[in-house]
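User: Could you take a close look at one part of this model for me and tie it to what surrounds it? I'd like the cut-offs spelled out as you go.

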Amino acid sequence: MLCCRGSTNKYSRLDAKLEKKMVEVKRGSLGHSNFKSIDSIIMRFPQFREELKKIRGVFEQYDEDSNGTIDLEELKKCLQKLQLHLTVEEIEDLFHSCDMDGSEGIQFNEFIVLLCLIYLLKEPSSSHNTSKIDSPQLEATFDTVIEVFSFLDKNGDGKLNKTDMVKALNEAYPLEKSPAHVTRTRFKEMDWSKRGKVSFREFLFAFIDWVGIDTDEEMSPIRSSSN
């Protein structure tokens, strides 16, 4: 089966929503960020890794046939149990947008992306309940991941381009510029559609790879020049 990463039309509706939302996030932050450099992000990787690994328990619970993927029906049951009330169309849209290999099943890393996208796009159920998902720790982790994207989005247009990456990689160490091939490699890892711009959805997949949820090793792949 052909990989869906190069298909732009399939994801355009969702990515347009994400782009609009990230512009709102950037404007709402008023330029404030807890991150001052790429290194300050890398230092948080172990924390990201441990928090994201906690989602595996939820994933395995709803992978009813234990085949390592969650199919569409399993996902509907999962979101209902988590009290994430979405329309059938929204669930199917998210499912196919996160099923990046077209296998008709959501793998663990795709499940993390899917939950984060729901968190970003979903409005609180009421003005008295500002929680979007029933996990304060997970909400805090997703908020921080969103902040990482916002830090990288230097011009605030809700997507990343190569210029954004160059600025982010080099601004903390003006006298120690990252090699051009490092910037190209990191950007290529995100820009699956080869459009020269990266949506929040594409960024999430690359970020999870960088954090390394399937390894306990200390890694700093963003600045590494070994690739």
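Analyst: Let's start at Q83, which counts as exposed because its relative accessibility is 56%; here exposed means over 50% relative accessible area, buried means under 20%, and partly exposed is in between (1.4 Å probe, protein chains only). Before going on, a word on provenance: this is a predicted model, where local features need pLDDT of at least 70, side-chain atom pairs count only at pLDDT 80 or more, and totals for chains, interfaces and linings use all residues. Residues are numbered from 1 along each chain as its sequence is written, and side-chain values use heavy atoms, with hydrogens and water left out.

Q83 lies in the loop between α5 and α6. Helices here are DSSP runs of H or I with at least four residues, strands are runs of E with at least two, and both are numbered from the N terminus. The backbone at Q83 deserves a glance: phi is near 60 degrees, a positive value in a residue other than glycine. Most residues other than glycine have a negative phi. S66 is another case, with phi near 55 degrees. S66 belongs to the loop between α4 (56-62) and α5 (72-81), and it is exposed too, at a relative accessible area of 61%.

Leaving aside neighbours within four places in sequence, L75 is in contact with I70, I91, F95, F111 and L114, contact meaning heavy atoms within 4.5 Å. L75 and F95 sit 20 residues apart in sequence, while their C-alpha atoms are 8.1 Å apart in space.

That brings us to α6, whose buried residues are I91, D93, L94, F95, S97 and C98. The cover over them includes α1, α5, α7 and α11. Not counting residues up to four places away in sequence, D93 touches R13 and L14.

Next, how α6 meets α7. They pack at an angle of about 140 degrees with their axes 9 Å apart, which makes α6 oblique to α7. The axes are lines fitted to C-alpha atoms, for helices over the stretch in contact, and angles run from 0 to 180 degrees between N-to-C directions. For the labels, under 35 degrees is roughly parallel, over 145 roughly antiparallel, 65 to 115 roughly perpendicular, and the rest oblique. The crossing of α6 past α7 is right-handed; a crossing is right-handed if the near helix is turned clockwise from the far one by less than a right angle, and left-handed if anticlockwise. On the α6 side, the contact is made by L94, F95 and C98, and on the α7 side by E110, V113, L114, L117 and I118. These residues divide into seven nonpolar, no polar and one charged. The classes go like this: Ala, Val, Leu, Ile, Met, Phe, Trp, Tyr, Cys and Pro are nonpolar, Asp, Glu, Lys and Arg are charged, and the others, Gly among them, are polar.

Then there's α1, which covers buried residues of α6. Its own buried residues are L14, D15, L18, K21, M22 and V23, and what covers them includes α6 (88-98), α7 (108-121), α8 (136-152) and α11 (200-211). The helix has 18 residues (12-29) and should span 26 Å at 1.5 Å a residue; its end C-alpha atoms are 26 Å apart, so the two agree. That expected span is 1.5 Å times one less than the number of residues.

As for α1 and α7, their axes come within 10 Å and cross at roughly 60 degrees, which makes α1 oblique to α7 as well. Here the crossing is left-handed. The residues in contact are L14, K17, L18, K21, M22 and V25 of α1 with L117, L120 and L121 of α7; they split into seven nonpolar, no polar and two charged. An α-helix has 3.6 residues a turn, so residues three or four places apart point the same way.

Zooming out, the protein has eleven helices and zero strands. Buried residues make up 47% of its 227 residues. Of the contacts between residues at least 6 apart in sequence, 67% join residues at least 24 apart.
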